[in-house]
Structures are given as C-alpha cells and as structure tokens.
Amino acid sequence: MDIINMPAHVGIIMDGNGRWATARGLSRTEGHKEGANAVRRIITHARRSGVKVLTLYAFSTENWSRPQAEVSAIMEMVGKYLSKETSTMVENGIRMRLIGDKSRFSKSLLGVIEHSEELTSDKEDMLLQIALNYGGRDELVRAAKKIASLVAEGTISPSDITEKLISDNLDTKGAMDCDLIIRTGGEKRTSNFLMWQGAYSELYFSDVLWPDFDEDEFDRAMQFFSQRQRRFGGIK
Ligand code: IPE
Ligand code: IPE
Ligand code: MG
C-alpha cells in the first residue's frame, strides 16, 4: 500500500474481544485468545508498513474490576504470548517494552516480561509497547511521584519541571508522541489510554471487533491518517 504520510507512532485500543466471543456462543476468554491472533497479525503488518512505534492497549488499570477468572486468563495469555513470540520479535528487529504499573504482576509474569524486554532491547526496526495494567492517569501519578522525589532530595528544583521532564518520567520515555490512536469495537472513547502522549493524536474509530481486525482495516486507518491535516494549534 502506498501511503506517503505514515504515522510514526500508532496506538491501538484493542476492544471487542468479549462481544466477538459472545456473538459466537463462546466464552469471553475465547475472544481474548482470538484477539491474540489479531495482535500477531497487526504487529507484523505495522512493522512492514514502516510504523516506528506500536502501542497496544492490552489491559487497563480499570480492567481489574472484571471477574478474577477473566483477569487471570488475560494475564496468563500475555505471558504465553511473550514466551512464544519473543524469538520472532528478535528476528524481525522488534524491541518490546511493557508500559504500565508492573507492581501487581505475578513473579512469573514479571520474569517473562523482563526476559522479553532484555532479549529485544537492542532491536531498532520497531518499538512495540504493550500496555498492561496501564492507565494514563496512573502513569502520570507515578511520574509525579518520581519527580517529587527528585525535588525533595534537592536534585532538581520546581522550576526545572518541564514538559520534557514529565515525558522523560513516563513509561514511554524516549518514544515520540502518538500520531494516531485506533479504537476497535465501536466505542468512541479513549478509556485512559496515552493521555499525555495522545494530546495531539488523530483518532480513528472502527466498528470492527478486535479479533476481526485485519491488514485491510489497518490500512484504512492509515489512509484516514494520511488525509488529515495536522495543525498542532497553528494555521495552515
Ligand atoms: C478488549 O476487549 C480487551 C480488554 C479490555 C482486555 P473486551 O474484553 O473489552 O471486549 P468487549 O468490549 O467486552 O466486547
Ligand atoms: C479499553 O477497553 C481497555 C483495553 C482495550 C485494554 P475496555 O473495554 O476496558 O473499555 P471501556 O470499559 O469500554 O471504556
Ligand atoms: Mg471492552
């Protein structure tokens, strides 16, 4: 596909796994399982399309309110996914990092995550950020705590607090702002995703349920993005 103006950083709110499963008489967990296949498909396609940063919203800080069995199933699936896919990521030059509060993960999941982050740490073709136990507000709270400590210990003074300093204390440190946020599943909201990094994101809402999301629908989002005129507050 020839798109002149590709977004460098694409964020995806992968919504609709539950409804996809329910419509087929399957359990919600089956929907998440099928969702993992869409994840694989889209990572490959995004990288081939020249996306530099891909951020996938897998589990929000609010998703803990779901039944415990569903929460465990999702966490387990992420662990399995990383165990299985890390070598492919290495082959394809993909660096993986997890964004979100890692303090609530089990020891074994944390081990898998850190192993995957380590094995892919020198890869540069695409940065894959998996947002797990991620909330934009929580990320800002954790950044505020880190910055407050620096002030308290006298390393910096309040006047040193800049947008750059805040960016550098977020989980996404070093990655460019998000150019395009895609949300599947028909809802038109951002549900606490990339609040800071998405300040000027273009928004693409798709009715496709995440397990059905494919290369063609991704390309439609790219087409949509390429037709936007980004002004960042200025005038054309
Ligand atoms: C998105 O699908 C995946 C997660 C939030 C973990 P949902 O599980 O929210 O699916 P729906 O919205 O109920 O269909
Ligand atoms: C957003 O989906 C979070 C993820 C995709 C991980 P939700 O299904 O949790 O969002 P709401 O509850 O509809 O806003
Ligand atoms: Mg949902």
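In the predicted model described here, Gly-11 stands opposite Ile-181 in β5. This pair belongs to the contact between strand β1 (residues 9-13) and strand β5 (residues 180-183), which are joined in the parallel sense by four bridges. Two strands are taken to pair if DSSP finds at least two bridges between them. Strands (E, at least two residues) and helices (H or I, at least four) are DSSP runs, numbered from the N terminus. In general, the strands of a sheet pair through backbone hydrogen bonds, in either a parallel or an antiparallel manner.

As this is a predicted model, local features require a pLDDT of at least 70 and side-chain atom pairs count only at pLDDT 80 or more, whereas totals for chains, interfaces and linings use all residues. Residues are numbered from 1 along each chain as its sequence is written, chains are lettered from A and ligands numbered from 1 in the order in which they are written, and side-chain values use heavy atoms, with hydrogens and water left out.

The sheet is open and consists of six strands in the order β3-β4-β2-β1-β5-β6, with parallel pairing. Its edge strands, each of which pairs on one side only, are β3 (94-99) and β6 (202-205). From one strand to the next, the twist averages 20 degrees. Helix α2 (residues 28-49) packs on the sheet and touches β1, β2 (53-60), β3 and β4 (126-134), and the direction of α2 makes about 160 degrees with that of β2. Such angles run from 0 to 180 degrees between N-to-C directions, and axes are lines fitted to C-alpha atoms, for helices over the stretch in contact. Contact, here and below, means heavy atoms within 4.5 Å.

Strand β3 is mostly covered, with five of its six residues buried. The term buried denotes a relative accessible area under 20%, exposed one over 50%, and partly exposed the range in between (1.4 Å probe, protein chains only). β3 and β4 run parallel and are joined by six bridges, and Ile-99 stands opposite Ala-131 in β4.

Leu-128 also lies in strand β4 and counts as buried, at 0% relative accessibility. Although Leu-128 and Leu-54 are 74 residues apart in sequence, their C-alpha atoms are 4.9 Å apart in space. Apart from neighbours within four places in sequence, Leu-128 is in contact with Ile-43, Leu-54, Leu-56, Met-89, Ile-94, Arg-95, Met-96 and Arg-97.

Asn-133 is likewise placed in strand β4. This residue is not a glycine, yet its phi is positive, at about 50 degrees; with 3% relative accessibility, Asn-133 counts as buried. A positive phi of about 70 degrees is found at Asn-192, which is not a glycine either. Asn-192 is situated in the loop between β5 and β6 and is buried, with a relative accessible area of 15%.

Two helices were also examined. The axes of α3 (residues 68-91) and α4 (residues 107-119) come within 9 Å and cross at roughly 20 degrees. α3 is therefore roughly parallel to α4, a term for angles under 35 degrees; those over 145 count as roughly antiparallel, 65 to 115 as roughly perpendicular and the rest as oblique. The crossing of α3 past α4 is left-handed, meaning that the near helix is turned anticlockwise from the far one by less than a right angle, whereas clockwise would be right-handed. Met-75, Gly-79, Leu-82, Ser-83, Thr-86 and Val-90 in α3 meet Leu-109, Val-112, Ile-113, Ser-116 and Leu-119 in α4. The residues of this contact comprise seven nonpolar, four polar and no charged. Ala, Val, Leu, Ile, Met, Phe, Trp, Tyr, Cys and Pro count as nonpolar, Asp, Glu, Lys and Arg as charged, and the others, Gly among them, as polar.
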